[in-house]
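The entries follow in the order in which I made them.

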Amino acid sequence: MSAAPSGGLRIANLTMSIRNLPILEGVDLHVPTGAITGLAGESGSGKSITALTVVGLQPSDAEVSGVIEHHGQNLLGLRARAMNRLRGKEIAMVFQDPTSAFHPLLSIGTQLTDHARHHLSLSRREARERALALLDRVQVPDPEDALRRYPHQFSGGQLQRVAIASALMCEPSILILDEPTTALDVTVQAGILRLLRGLSDDLGLATLLITHDLAVLSAVADTVTVMRRGRVVETGSRFDVLTRPQHPYTRELIDSLPNRVPRPDHGERDLIDATGESDGR
Amino acid sequence: MAAELVLTDVSIRYKRHGHRDVQAVDHLDLRVAPGEVVGLVGESGCGKSTLARAICGLERFQTGTATFGGTPIVPLSLRRRPASLLPIQMVFQNPNASLNPRRRIGSQLEDARAANPVDARSVAELLSEVEIDPSAAALYPHQFSGGQRQRIAIARAMAVGPQLLIGDEPIASLDASLQAKVARLVRDVALRSHTSVLFISHDLSIVRLVADRIAVMKDGRIVEEGPTEDVWNQPQDDYTRRLLAAIPVADGLGRLPG
Amino acid sequence: MTTLTSVPRDGRTSTRRAPRGAASPWRSPLTVIGLAVIAAWILVIVFSPLVQTHDPLGQSSDRLAAPGAGHWFGTDALGRDVFSRVVAGARISIPVAAALVLLSMLVGGILGAAAGYLGRVVDEVVMRIADVVFAFPTIILAMVIAAALGPSLFNAVIAMLLVSWPAYARVTRSLVLGAKSYDYVVAGRLLGFGPFTSLRRDILPNVLAPVLVLGTLDLGTAILTLSGLSFLGLGNVPPTPEWGSIVADGMQQFSSWWIATSAGLAIFSIVVAVNFVGDALRDSLDPQSQRMVRGRSL
């Protein structure tokens, strides 16, 4: 763990409204270095917009208050230019759809090295070598060839790995992933989750993983925070939140998943819901 | 009079510009018996969607025979779909794309009812069955959430009085918390009308909740098929085992899937 | 990759999301000006007998008089009141241009829709003919056809129609092609919709808005082209006061600047006004129709 304690992210009392419509209310979230922080919630819970606010990409007419603390400064107060310096360098983001995260007409090599050369003033060769190393790290086969290829020539899973490599190019201290595996097949998802866990352990990043799927968080997150309608309803360690949820909404979310496990407070409960339940077969 | 879907040795091959041909469906056999819920599981590119579209007549089978209730399945031409094939209906993956955004949902349900003059339930009944307030018939699709739109799409398909309902990844675009609910709704609504279901999904754990039988598809072929609990508990094929191993479980233990 | 199936361009977001962006495009000052100018011209056309100060065809001995109290826009070489001629000209230039645009939309739209929907042979034939038409510069082709048919307003309209339908055909074709693959259009076919029902209920509403916007913006060009043809003597037959002809007359009497200028300003005012309104129409229809939703919103 190389980063100083303030290398993580501390969100305190984040409140947002857009044209008098409340979007976020008093959101508190701590994203420490060296761990994967899971942020869960359904559509409209505000989890994605929280992430966008961290990188300063919230809607322009949003009124925001609160603190997003990183390395001692409040990101909310930052001017555009200062935020531009941080974005992509200190704080990187990976989105749900890898195909729309890349420019269709530029090679992967160009897209991987562009921002690194800008932020870190690397030479073309240095940037290329770093890109190759990262592509190897994220297990994209044949990195040399990959640099020459274009986004449409990759499968969804591989492209998401490239997206992660791109995010890591400038050695960020914070990595935010918004539904990174939602659009991917389950076996591909498993590979990406494994990769994320490995990266978090090796690089000491502060990782914020946002998803609607609690099972995903159960696999990789260290802590889980649940949001609903713009508020945080529960926060705790992965084990606690998933096996001993305090808030009824969290319980509801967990119960609605197909692969439930018996909870101590629930007594006898089927491990998996069998088809016999609804039709008396 | 219930009908059975019988696919024997069917294939579909695509031509692509500048690429090799794609064998989307490769000499496949599949049956869906009346009143049965069959789960077709596979990952992207396995051909399951192509297969679903072909059963509806949106693609052409190049080999083998495909019949429903004894009637051969013919591709859709410029003419209206033949009445004998109307009992095959589909629910699509994307809830935002499957309803006409400019028409009220009540009208869209009426359109579907018009295809079923003999037997159709009222719009109000159809909506209640999918747990949507009947008074919402006057609203437009954008006024509903994704999960609700999907339920309306199910109601529309059911309005036709289908004998086979195909769900092409009907829950993939929904939140995890809604997926099980909507999947079960598809099963319940269909079985109540003695409609059989071909439930297509890449998510084995959801399919397990609703299917009587599971067929696992890979590269255009079915690699494993059997009663749900058998496939789940004693998978015979390697690929099936890999799929099962990749499913994350919400047990809080931090076990990496796969 | 399991992809979410492609979304129609007119998928909408849930109303829970707060409305964003600037105020309605219809409230923008330019749009209001545009609408006012168009309204004014419509009134002029309807009430032209009352608005005219003199008989547009009435010659007098007061030739090439500069604008003044008696003749607001002066008189031309035959002593005719320019103001009245411009007013009378509005009755020709604007409605004829509007009719032309409507006809082009209709003809182009039907051919384009047929090409997009029926595909294959129909598509090839229609599009190749369109390509041939596109290969010629518009005004030249219109001139050639008008010259061949003989100078008259009717023939000018025919010439322009033949030249302008391909643009609408092309746009309609691609819109129809795109719409054919939308899930709800497919669902309609699965419900047993025949092709006409499918076109009417599901496909056409997607086509109407963009084509309408195109037409509005095209109105200005139509007025200009018609005037251009008349200017060249290919459309309108004198002494009928069509704006282009008035400009042509004015070019003969260059020092009497008021003749060409007044008709020119009239053309300018309506073309700019229509363009402003067309922009507003596009802005008001587009954001709704272009917003994409990907399964899960924020």
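This is a predicted model: local features need pLDDT of at least 70, side-chain atom pairs count only at pLDDT 80 or more; totals for chains, interfaces and linings use all residues.

Entry 1, the bent helix. I looked up α8(C) and found a bend of about 55° at C:Leu204, with a proline, C:Pro205, following within four residues. I take the bend at a residue as the angle between axes fitted to the seven residues ending there and the seven starting there. Helices (H or I, at least four residues) and strands (E, at least two) are DSSP runs, numbered from the N terminus. After α8(C) I noted C:Gly233, with a positive phi near 80°.

Residues are numbered from 1 along each chain as its sequence is written, and chains are lettered from A and ligands numbered from 1 in the order in which they are written.

I counted 10 helices and zero strands in chain C. Of its 298 residues, 43% are buried. A residue is buried if 20 or more other C-beta atoms lie within 10 Å of its own, exposed if 12 or fewer, and partly exposed in between, with C-beta atoms placed from the backbone. Chain A has 12 helices and 10 strands, and 50% of its 281 residues count as buried.

Which residues touch the most other members of the largest nonpolar core? I found A:Leu214, B:Ile55, B:Ile154, B:Val186 and B:Phe199, in a core of 233 residues. Helix α3 (residues 82-118) of chain C gives this core its largest share, 17 residues. Such a core is a set of buried Ala, Val, Leu, Ile, Met, Phe, Trp, Tyr and Cys residues joined through C-beta atoms within 7 Å. I followed B:Ile55 and, leaving aside residues up to four places away in sequence, found that B:Ile55 touches B:Leu5, B:Ala66, B:Ile73, B:Ile88 and B:Ile166. Contact means C-beta atoms, placed from the backbone, within 7 Å.

I traced an open sheet of six strands in the order β6-β7-β8-β3-β9-β10, with mixed pairing. Its edge strands are β6 (88-91) and β10 (221-227), each pairing on one side only. Two strands pair if DSSP finds at least two bridges between them. β7 (residues 164-168) and β8 (residues 196-201) of chain B pair in the parallel sense over five bridges, and B:Asp168 has B:Ile200 in β8(B) as its bridge partner. Helix α5 (residues 176-192) of chain B packs on the sheet, touching β3, β7 and β8 of chain B, and its direction makes about 165° with that of β8(B). Axes are lines fitted to C-alpha atoms, for helices over the stretch in contact, and angles run from 0 to 180 degrees between N-to-C directions.

I found β1 (residues 9-18) of chain A joined to β2 (residues 21-31) of chain A by seven bridges, antiparallel. Seven bridges also join β1(A) to β4 (residues 62-70) of chain A, again antiparallel. A:Ile18 stands opposite A:Leu21 in β2(A) and opposite A:Ala62 in β4(A). The hairpin of β1(A) and β2(A) has two residues between the strands, and A:Arg19 there takes a positive phi near 50°.

Technical notes. Two residues are in contact if their C-beta atoms, placed from the backbone, lie within 7 Å.
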